[in-house]
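Hi,

Here is the structure I promised to pass on.

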Amino acid sequence: MNCPNCQHSLTQEDYEGVEIDRCTHCQGVYLDDGELKHINEAREKTFSSEDIAAVNGIQSKIQANEEEMAGQIQCPKCAGSTMSRRHFAGQSGIVIDRCPDCKGLWLDAGEIEKIQILVEGWEGQENADL
């Protein structure tokens, strides 16, 4: 498969026990349907306080600018299906691409880590409320 952004090849690598496809050039990531759930459940990777603060800064900018939402890319797996651009988990401020056919996700460089930080933070808040 090739990257839908820069057309460089995607290579497989293990990430949190899941085999993902990463672009050798821009570091974007393609995930098959269900892989993001497995990654968020694994919890092997730890994040620095700087990483967490950066993601919290993104959440404060909930409205995506028009430029972020305008681009459309082709699914690297389905070759020809146009991926739809949306916010992860509604209004997180992280814009991801999803294939309507295979349900695969395209995450730009660093977005997989940002999503993990968000999910862990949300679950931490749930546990604190109990």
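Lys77 comes out as partly exposed, at 46% relative accessibility (buried means under 20% relative accessible area, exposed over 50%, and partly exposed in between, with a 1.4 Å probe and protein chains only). Its salt-bridge partner is Asp32, with the closest N and O atoms 2.9 Å apart; a salt bridge here is a side-chain nitrogen of Lys or Arg within 4 Å of a carboxyl oxygen of Asp or Glu. Asp32 is partly exposed too, with a relative accessible area of 24%. Asp32 sits in the loop between β3 and α1 and Lys77 in the loop between α3 (66-70) and β4 (84-87), so the pair ties together parts that are 45 residues apart in sequence. Helices (H or I, at least four residues) and strands (E, at least two) are DSSP runs, numbered from the N terminus.

Before you read on: this is a predicted model, so local features need pLDDT of at least 70 and side-chain atom pairs count only at pLDDT 80 or more, while totals for chains, interfaces and linings use all residues. Residues are numbered from 1 along each chain as its sequence is written, and side-chain values use heavy atoms, leaving out hydrogens and water.

Back to the charges: there are four salt bridges in the structure. One of them joins the side chains of Arg22 and Glu13 (3.1 Å, N to O). Arg22 counts as buried, at 11% relative accessibility, whereas Glu13 is partly exposed at 27%. Another pairs Lys37 with Glu41, at 3.9 Å between the closest N and O atoms. Both of these residues belong to helix α1, four residues apart, or about one turn of the helix, and both are exposed.

Now the inside. A nonpolar core here is a set of buried Ala, Val, Leu, Ile, Met, Phe, Trp, Tyr and Cys residues joined through side-chain atoms within 4.5 Å. The largest one has 19 residues, and Ile20, Leu31, Ile39, Phe88, Ile96, Ile112 and Ile115 touch the most other members. Two or more residues each come from β2 (18-23), β3 (29-31), α1 (35-42), β6 (105-107) and α4 (111-129). The most come from α4, which gives five.

Which residues does Phe88 touch? Leaving aside residues up to four places away in sequence, Phe88 touches Leu36, Ile94, Ile96, Ile115, Leu118, Val119 and Trp122 (contact means heavy atoms within 4.5 Å).

Cheers
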